[in-house]
Structure formats: structure tokens, C-alpha cells
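Please open the structure in a viewer and keep the selection panel at hand.

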Amino acid sequence: MADRKPARRSLRRHAPAASARRTRRAATSERSRHPRLKKLLLSLLIAILSLAIIAVIGVFVAYERTELPDPNRDFQTNTSFIYYRDGTRLGSFSVQNRQSIPYKSMPKTLRDAVVSAENRTFWSDPGISVKGMTRAAWAIARGGEMQGGSTITQQYIKVLYLSQERTMSRKFKELLLAIKMGKEVSKEDILAGYLNTIYFGRGAYGAQAAAKAFFYTDASKLTLSQSAVLAAVLNSPSNLDPNGDVAARERLLQRYRYVLDGMREAGNITQAQHDEAYRQLPEFPKIPDYNRWAGTDGYLMKMVYDELIAKGFSDQQVKGGGLKVTTTLDLKDQKAAVAAGQKYKRLAGRNAGSQAAKNLHPALASVDVSSGGVVALYGGDDYLSNTRNWARTARPSASTFKTYAVVAGMRHGFSLRSQLEGNAFTPDGDSTEVHNDSDANYGTVSLRQAISKSINTAFVDMVSRTKNGPKAVVQAATDAGLPRGTGWDLNNRIALGTAEVSPLAQAGGYATIAHDGKQVIPHIVDKVVDQSGKVVYRAPRPSKQAIQADISHDVSYALQSVVEEGTGRIVSDFDHHVAGKTGTSGVGGEVTAAWFVAYTKQISTAVMFVAGDSGNDDLDPYAREGTTGFHGGDYPARTWLDYMQTAMDGMPDKPFAEPDWVNLSGKHYGSTRRPQVPVADDSGDGSDQSSSQDDPQSQDQPTSTPTRTSSSRPSSKPTSEPSSTRQAPTPTQVRPTHTSKPTHTSVPTQTSKPIHSSTSGPTSAETTRGGSQPTSRAHNG
């Protein structure tokens, strides 16, 4: 034991020595790395300094080479002009009324308000905002877009000399010019130049024009609250215009108060002045319009403006960008549309009294089938008196909506000869009976007969027997290009027209069918050219196949029978092939909307009549003497005919495509084989229940009123199977046609082609004032 103790002490004595050796080795290694690290850091520092020096030299050179042009030399504002498609001028947007005024003529309240709104450090900054630049740089570093952060000086330069594009090169040039201007031009001159050139909205460039445009006064007479308003709208003229909706006024009020707060904080106004102005916006007087928007042209101008904004043009571009806007409007057709609308407004108005015409509102919208361009539109007589455009106002579409139900039915196995219920009946699972106008019963009818005579019960039957029928009808309508709106509730009566649609949308929807199912969305702007002559916008052509082409052919075939033997017979002598539908909407015992929508292969036109400030008054007082009420087959159809005689003048008569007989001899849609009406029963002979109320040319009354007895429902199986081949009809099977119109030459082989007689009058089923509906509205015709 004694021998081991010295050994342990020896180990303890040697341990510190080993540790010291390791420490020395680590220190030696660390010293060997330091020179390399120092060398790397030095090189990096030198590179950074070199780049910084180069950048500084580059900025200095760029600054020295930058010349500050005369602020008033290069700045030009240009009126945007609007043209008919033949080059005739329609109008212009906001002639730029700029009257430059000296700095001393600008009220101090306006100068202070603008500084408070746009650049509170204006009087002390060097022309640029370091804080704003930092914020913009941070946004770019995070992957965002180039932002503003601009001072008044920068904004002035951007408007005068630069484009509105958000790029680094443009921003860099802006900064150089702003610094140079800040050194070479006094702050007073910069602010004066800014206030003489900046856009305030309403086509007003500069403070003097803005004072006139908003308050109809000189700039020198602006009050504190008026000055605060003008300073506020600079932030976003189109979104802060007090003539906008309630939301626009609320946005303006918040910005207005922000301006007043800034003026108080800067000591420009007292607390009492702030509090008095803070409560509410000042009054805005009515500004004379100088007739640029007067008359019927104002409705067209507003449509052009709205469409340009919707396509991405800014308010400033539209009203002051020097654009050349070519519309789709035809001058000759436009004059014809206005003449036809005003003619029948006057004639129908007389029926209700000498002053009644002012409360009657005919509307007409006409669309080029191949392009969707609006060729003519009549929505009112004077835009300044009433800005509501009735051609863009949605109202219950009545039986014109049945057309989309036909599309939906054919997509689910129904054909033009499918058996449908023509008598009053109560649908399965329903507690309310559906019946036709005047309690007329028709027995078993075909789909073609149902649309020709506008038989309510048949359409409710078809929708009820279609899987998700109401949804399918809505889908067909939206496929045709109609926007959904009020009254588009999903129920088995939807085909009867509770859905509200505007004449413009309806003209587009029917144009889709006329265009072999390619979706047609109406538009009024064809082409836009900028100041340099560059085409910056061109309207697209319809290309989307939204409705099956063969179904559209069969629908057009069915709608031709409406004109030849049904409720639209008043236009049957027109010298072009026509397909269309009447519609009359009623509430209780009143008629509140009357329609005629029809098309040729070239043009689709929708006509609607409504009355009263809201378009919901009774139309019956305006009915023509000797008729039983106001109907789509009368004044609306007459308006359509007067207009179309001009619109189609010089155009060739193009027949529609032959029917494809889908779900018969053509392609089958859906899995259900529907029972068919024999061809002998699918005819337009005198057995229909015609009455004079839908035939303005006839004074004959119905020979009989059928009893309201329900017929047996169609059987679940077809009586015969269709053939997949076609054959030409015998001479007796060809329907009578007008001499200028060719006959159809092919039909399904298992039935004869229906004989569309042109001698029978339209049916009394054109309104549904006698039909029970799930809501307070009733529709038919």
C-alpha cells in the first residue's frame, strides 16, 4: 500500500502538463486560422466598398446628366373619344378643362389640406421620402410589387414626365428627378405645379377644374370643408366620388376626416374649425353637364365607361388618357331602336291617358349573333333626367325563360315530340295546382306544341319529371350566358319565368342559341387604341361551346313555330327566318312585364315593356283598344318588328340549321326514353285554343273554352322506337312556309314531320294571370 501512493501523486503531477500541451496546440491551430479569416473578411469588405463607390459614382453621374424639363412643356392631357363602328363620333369622356392659376390664387386651406393628405413632411423633406422608399424596398424584398411611398414632388414628376408603370428603372429616374427638383425649384412652385396638373376625378385636372367639377365655384373661393374634400379624393378619384353609392360616400368621409386631423395636428386650423367641419361632408351642388350625357346617348356612354373600367382601364385613363374607343354600335340601327321604342311608348301611352307615356318604359337590346357586340340599345329617353337604363334592368322574364327549360329537358332525354301534360294538374309531392291562362286545357301535347302555345302545365310537368329539374333549367340559362339574380329560386315552376333577367342579357342568351350553342356575352367596346396608335384592347370572339349544337338547332326549330303558329305570329310576315318567344308576367290580375325576344341568324333582339318608377306597375291600362290586355305578342313584338326591318335591311335571309331531332333520330341525351306524341297529333291545326287576346290582328273570340279536366298522364314507355336514319318527307308532310323561306327537308323516319300551320292564331296561354304559383307572381306567354 505504501509503494502505490507515490505513483498516484506522480500521475497527478503529470496531468496539468498534458492539459497545458493540449491548450498550446489549440492556440497554435487557432492562430493559424486567423490569417485566412482576416483575409476573407478584408476581401469582402473591399468588394463591398468598391461596389458602393461604383454605385455612388453611378448615381452621381446619372444625377449630373439628369435634366429637369419645364414642368408645363411636356405635360398634355387628352380627351378620350368614343365612336360608332363606322367611325362616326358618338361622344367623348371629360374634356380636360385645365385653367392654371398662380400659387397665391390657391386658397391656403387647399394648400394645407393637400399637404396634409398627400405628404405631411412636404415643407421639410428633400423631395423624396426615405421612410416611403424603405417601405417600398422591403415590399420588393419580400416578393411584392413596386409600391409608392411617393412625396408630392415625386407624384408631380411621375405625372409630368414618367409613366404609371411600377418598375425599378422608373422609380430610380423618379428619385433622381425629385432630388434635382427639390434643390432647383422652390417648394411653392412645386406645390403650385402639382395643384395645376394632378387629377381629381370627374375629368378635372388641376384645382380650378376640380373646384368647378365638384362645387361649381372658383378655386379661390373654396371653403375649408370643400378644400378637405378635394384633397381627400386625390387618393382614389373613382372610389371616393361623392356621386357614387353609399359606400363611396362613407369612404370619402373617412378620408376627409383624416385630412382634417392632419391639418389640426400641423396647426393649420384650430380645434373649433376642425370640430365644425369634422361632423359631416359639405353639400355638393348639382353640376351642369353641358349636354355630353343628355338624351339617349348618355346610356350608351355609361355602358362604354362601365365596360372599360371592368376591363381594367383606370378612371384617369378613360377620362383623360386620349383613348380612341370604337364601339360595336351601328349608327343606323341605333337610330332605329330609339325611333321604335319612342314610337310605341307614345302610342301605348295614349291608351292610358295624355300624360301616361312618361311612366311607360319600353326597352330594346340588340346583339350581333356572331360576335356578341351590342349593335343598338334603347333604355330611356334622357340620361340626365333618369339614369336608370331599362335595357340593363332585370325584371321577371316570364315565358321567355321557357326556352332554357327546353334546353334542360333535351339534355335529360326529352325531345320535340315528348308527351307532356297540357291540362291543369297537381305535380307529385306538390299541394298547389298548376294551370294555364284562362283555365285552358290542351290534353297531351308535345314539347314543340308546349313552347309554341306557351303551355304552363307542360313545362311544369317536364321540369318535375327531370332529375334535379329546377337546377338543370338554371344551368341551361347560365350556360347561355345569363347572370343569376332575383327570382332564380329552385322550384318546379322556374320555367314560367320568376327569374329576373335584363333585355341585354336575354338578347345575349338567345344569341347563344342562334350561334349554334356558342356562348354569347354582350359587350359594347370593340377596340381601344391609345395615344400612340397602339391597340391596347380588342374584344374576344365567342368560342365557348356552352350548349350542345344539335340541341340549339332543335330549340331554334321549336321557336320558329312560336312565330309561325303561336304567340309571336305578328312577326310571321317578316322577310327573314325568325325564331323567338313571347312572355307576359303577371301579379294577381295585373301585367307587370311584357316581352318579345327573337332572333335571325345574324341579330338577336330583346324587347321588354314595364311601367312605373320601379318597373312594377300594371301594364293593362296601356293595352291596345280591342284587346283583352297587354301582352308580349302585341306592342313588344311590334317594336321588335319595326326595329328589325331596319337592322336586317340589306342582309341576306339565312335559314336556321335543320333540326337534329335529338333523343329521336339524333343523338340521345340522358338514359330515359321518353314517350312521344304521334306526328299526326303534333300539328298546328285549328284544334289549338287560340284567342284574340294574343293576336292583335284578330278580333275573333275563342270558339270554345275547354273544361278543366285532367287528362291521363303520359305512359312511361314510348309507343314506338325512333329510327336512327332520316328520309325526306312527302309533299303533304312539308309545313307551309313563306315564299322567301325554304322548307325543312328531313325528319325522323318513325313519324311524319309536324305541319306548322300559319293560319291558326296565337294561343290564350300567353299570360298566367289565371295560373296558381308558389309565390305572388304568375307567369306565362
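Which residues touch the most other members of the largest nonpolar core? Select Phe 93, Leu 308, Phe 401 and Phe 459: these touch the most other members of that core, which has 96 residues. A nonpolar core here is a set of buried Ala, Val, Leu, Ile, Met, Phe, Trp, Tyr and Cys residues joined through side-chain atoms within 4.5 Å. Buried means under 20% relative accessible area, exposed over 50%, and partly exposed in between, with a 1.4 Å probe and protein chains only.

Two conventions apply throughout. This is a predicted model, in which local features need pLDDT of at least 70 and side-chain atom pairs count only at pLDDT 80 or more, whereas totals for chains, interfaces and linings use all residues. Residues are numbered from 1 along each chain as its sequence is written, and side-chain values use heavy atoms, with hydrogens and water left out.

Centre the view on Leu 308 and display its contacts, a contact being heavy atoms within 4.5 Å. Leaving aside neighbours within four places in sequence, Leu 308 is in contact with Phe 93, Phe 313, Val 318, Val 325, Val 525 and Val 528. Apart from this core lies another, of 47 residues, including Ala 117, Ala 209, Ala 211 and Ala 213.

**The whole chain**

Of its 781 residues, 55% count as buried. Among contacts between residues at least 6 apart in sequence, 74% join residues at least 24 apart. The chain exposes about 34200 Å², of which carbon and sulfur atoms supply 51%; accessible areas come from the Shrake-Rupley method with a 1.4 Å probe, and for residues only the protein chains shown count as cover.

**A nonpolar surface patch**

Next, select Leu 42, Leu 45, Ile 46 and Leu 49. Together they form a nonpolar patch on the surface with about 380 Å² of accessible area. Such a patch is made of residues with over 30% relative accessible area and no salt bridge, with nonpolar side chains (Val, Leu, Ile, Met, Phe, Trp, Tyr) joined within 5 Å and, for charged patches, like charges joined within 9 Å. Leu 42 is found in helix H1 (residues 4-65).

**Salt bridges**

The structure holds 24 salt bridges, each a side-chain nitrogen of Lys or Arg within 4 Å of a carboxyl oxygen of Asp or Glu.

- Select Asp 306 and Lys 302, whose side chains meet at 2.8 Å, N to O. Because they are four residues apart in helix H11 (residues 297-310), about one helical turn separates them. Asp 306 is partly exposed at 23% relative accessibility, and Lys 302 is partly exposed at 28%.
- Select Lys 601 and Asp 516, whose side chains meet at 3.7 Å, N to O. Lys 601 lies in the loop between strand E15 (590-599) and strand E16 (603-611), and Asp 516 in the loop between helix H18 (503-514) and strand E12 (525-529), so the pair ties together parts that are 85 residues apart in sequence.
- Select Asp 634 and Arg 624, whose closest N and O atoms are 3.2 Å apart. Asp 634 counts as buried, at 5% relative accessibility.

**Asparagines and a tyrosine in loops**

Where does the side chain of Asn 423 reach? It reaches the backbone nitrogen of Tyr 442 at 3.0 Å. Asn 423 is placed in the loop between strand E9 (419-421) and strand E10 (444-446), and is buried, with a relative accessible area of 5%.

Move to Tyr 216, which has a positive phi of about 55° although it is not a glycine. Tyr 216 sits in the loop between helix H7 (207-215) and helix H8 (224-233) and is partly exposed at 45% relative accessibility. Asn 468, also not a glycine, has a positive phi of about 50°; it is found in the loop between helix H16 (456-464) and helix H17 (469-479) and is exposed, at 53%.

Finish at Asn 268, in the loop between helix H9 (246-265) and helix H10 (271-278). Asn 268 and Thr 109 are 159 residues apart in sequence and 8.0 Å apart in space, C-alpha to C-alpha. Not counting residues up to four places away in sequence, Asn 268 touches Lys 108, Asp 112 and Met 263.

Conventions
Helix = DSSP H or I, 4+ residues; strand = E, 2+ residues; numbered from the N terminus. Polar contact = N/O pair within 3.5 Å; in protein donor to acceptor, adjacent residues only side chain to side chain.
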